[in-house]
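Please keep the sequence and the 3D view open as you read.

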Amino acid sequence: MTKIDLNSDLGEAFGPWRMGDDKAILDVVTSANIACGGHAGDPATMVETLALAAERGVVAGAHPGFADREGFGRRLIPLSIREVEQLVATQTGALMGAAALAGARVRYVKPHGALANWAADERPVADAIIRASRAVSPELAILAISGTELEHAARDAGMTVFSEIFADRGYLSTGRLVPRNLPGAMIHDPAQAASRLIGYLSSGLMPTVDGVPIPLYAHSICVHGDSPGALAMAVHVRQELQKAGIEVAPFLQPTQENR
């Protein structure tokens, strides 16, 4: 692989509470998954982050999650399928409204946290996210964790779908991410993360904590914007990818609104 996108979860501040260094990370990544007011974010943060992304030519996507700020969207909320649809549609629509005000454009949907993990394993949940995204705008693409039900559901529905892997998360031999409460869930060393990614991109095989490497396909690499040292991780990963001859570029071409 000679080309890959670099994305990050951003816009996760709200009110006086700040999260991460979005301005600096937006100078490094090529796509930004922007919180929509559920697990994090508020109207001012959404508009500001979208405007910053547009100024830098960074492609913006909606990052809907459970309305659980206390748990940062990382706790499973047992919603009905209809409630999942409503959650995704209203949060994505809200971000698109903010984008109109900011002179930006929302190009794709990437579920956050526990919602993404739920959709990875449960096809009805994945289908609900697809229906909601298409209802808001049939032009939206989907960014899904590689090898998951969400990826399959988007493809079966005829949507444009892109797959991602994670720079700073460990993998199980099932292809799922190591739960955050278990050893090996997070990778904090930028050098280790970059080395693993370059090895993956040359072989197509992702190392796991509990077995042999597994095949995954990816258009994008995620670096979590809320992680300690996120900026240093993103900068080092991008530098090492480019040193290895891998072009870092968005999986969707920036539109006029992104420039």
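Helices (H or I, at least four residues) and strands (E, at least two) are DSSP runs, numbered from the N terminus. This is a predicted model, in which local features need pLDDT of at least 70, side-chain atom pairs count only at pLDDT 80 or more, and totals for chains, interfaces and linings use all residues. Residues are numbered from 1 along each chain as its sequence is written, and side-chain values use heavy atoms, with hydrogens and water left out.

**G11, in a loop**

- Let us start with G11, which sits in the loop between β1 and α1.
- G11 has a relative accessible area of 0%, so it is buried (buried means under 20% relative accessible area, exposed over 50%, partly exposed in between, with a 1.4 Å probe and protein chains only).
- Leaving aside residues up to four places away in sequence, G11 touches D22, I34, A35, G41, T45 and T49, where contact means heavy atoms within 4.5 Å.
- G11 and A44 are 33 residues apart along the chain, and their C-alpha atoms are separated by 9.6 Å.

**Helix α2**

- Helix α2 covers residues 43-55, and at 1.5 Å a residue its 13 residues should span 18 Å, which agrees with the 18 Å between its end C-alpha atoms; the expected span is 1.5 Å times one less than the number of residues.
- Which residues of α2 are buried? They are T45, M46, T49, L50, L52, A53 and A54.
- An α-helix has 3.6 residues a turn, so residues three or four places apart point the same way.
- The buried residues of α2 pack against β1 (3-10), α1 (22-25), β2 (31-35), β3 (59-63), α3 (81-102) and β4 (106-109).
- After α2 comes G57, with a positive phi near 70 degrees.

**N7, in a strand**

- N7 belongs to strand β1, and it counts as buried because its relative accessibility is 0%.
- The side chains of N7 and E164 are joined by a polar contact of 3.1 Å (a pair of N or O atoms within 3.5 Å; within protein, one must be able to donate a hydrogen and the other to accept it, and residues adjacent in sequence count only if both atoms are side-chain atoms).
- Not counting residues up to four places away in sequence, N7 touches partners including V29, S31, N33, K110 and L143.

**F72, another loop residue**

- F72 lies in the loop between β3 and α3, and it is buried, with a relative accessible area of 10%.
- Most residues other than glycine have a negative phi.
- F72 is a residue other than glycine with a positive phi, near 55 degrees.

**The largest pocket**

- How much space lies in the largest pocket? About 470 Å³.
- On a 1 Å grid over the protein atoms alone, a pocket is an open set of points with protein on both sides within 12 Å along at least five of seven lines, and lining residues have an atom within 4 Å of a point.
- The largest pocket is lined by 23 residues, of which G113, N117, R169, L177 and R180 are the closest to its centre.
- The elements giving two or more residues to this lining are α4 (113-121) and β6 (161-166), and α4 gives the most, with six residues.

Definitions and conventions. On a 1 Å grid over the protein atoms alone, a cavity is a set of points where a 1.4 Å probe fits but cannot get out, and a pocket is an open set with protein on both sides within 12 Å along at least five of seven lines; lining residues have an atom within 4 Å of a point. Grid points are joined across faces, edges and corners, and a volume is the space filled by probe spheres set on the points.
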